[in-house]
Amino acid sequence: MRTMIATSLRVAIVTCVTLATLLLPSWASSQTIALTFDDGSKYADAIGLSPADRNAAILSQLAEAHLKSILFVTRVDTDPKRNDLIRRWGIEGHQIGNHTATHPDFDEVSLADYERELLTCDEAIRDMPGSLDDFDFPT
């Protein structure tokens, strides 16, 4: 059942993107790229930078290139150090996105559990600068 739900959602997403591309050719021909960073602000690092140094390096490169991005975070805790790293993205004009609370495998949780994951993460990030509730989308 879970696999069927996951497959159905994936098919729906692909269908929507395909239809949007076909119906709105200007979107398909525009030269736009979206930069997203998933699982943002995790402490593990294989290249030897501290979380704060890695965060600063990424944000510095984005600023130097005049680029904005979305940091998708998994959130369940209220660790002030981690929150400060995430908050920095919003302060610098990037969006903070909901990547669920614990990043469960979509094929292994029920739809109700997945919804709880999204709501838990939303609760943790909703008041941060750059969160969807706070973000000022360009018109």
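**Ground rules.** I note that this is a predicted model, in which local features need pLDDT of at least 70 and side-chain atom pairs count only at pLDDT 80 or more, while totals for chains, interfaces and linings use all residues. Residues are numbered from 1 along each chain as its sequence is written, and side-chain values use heavy atoms, with hydrogens and water left out.

**The sheet.** I took helices (H or I, at least four residues) and strands (E, at least two) as DSSP runs, numbered from the N terminus, and counted two strands as paired if DSSP finds at least two bridges between them. I found an open sheet of 3 strands in the order β1-β2-β3, with parallel pairing. β1 (36–37) and β3 (95–98) stand at the edges, each with a single partner strand, so one side of each has no neighbour in the sheet. β1 pairs with β2 (residues 70–73) in the parallel sense over 2 bridges.

**Helix α4.** I then turned to α4 (residues 80–91), whose 12 residues reach 16 Å from the first C-alpha to the last, close to the 16 Å expected at 1.5 Å a residue (the expected span being 1.5 Å times one less than the number of residues). For burial I used relative accessible area, with buried under 20%, exposed over 50% and partly exposed in between (1.4 Å probe, protein chains only). The buried residues of α4 are R82, N83, L85, I86, W89 and G90. They cover an arc of only 160 degrees around the axis, taken from the directions from the helix axis to the C-beta atoms, which puts them on the same side of α4. On the other side, P80 and K81 are exposed. What covers the buried residues includes β1, α3 (51–64), β2 and β3. Just after α4, I noted that G93 takes a positive phi of about 95 degrees.

**I58.** Setting aside neighbours within four places in sequence, I58 is in contact (heavy atoms within 4.5 Å) with F37 and W89. The C-alpha atoms of I58 and F37 are separated by 10.0 Å, and the two residues are 21 residues apart along the chain.
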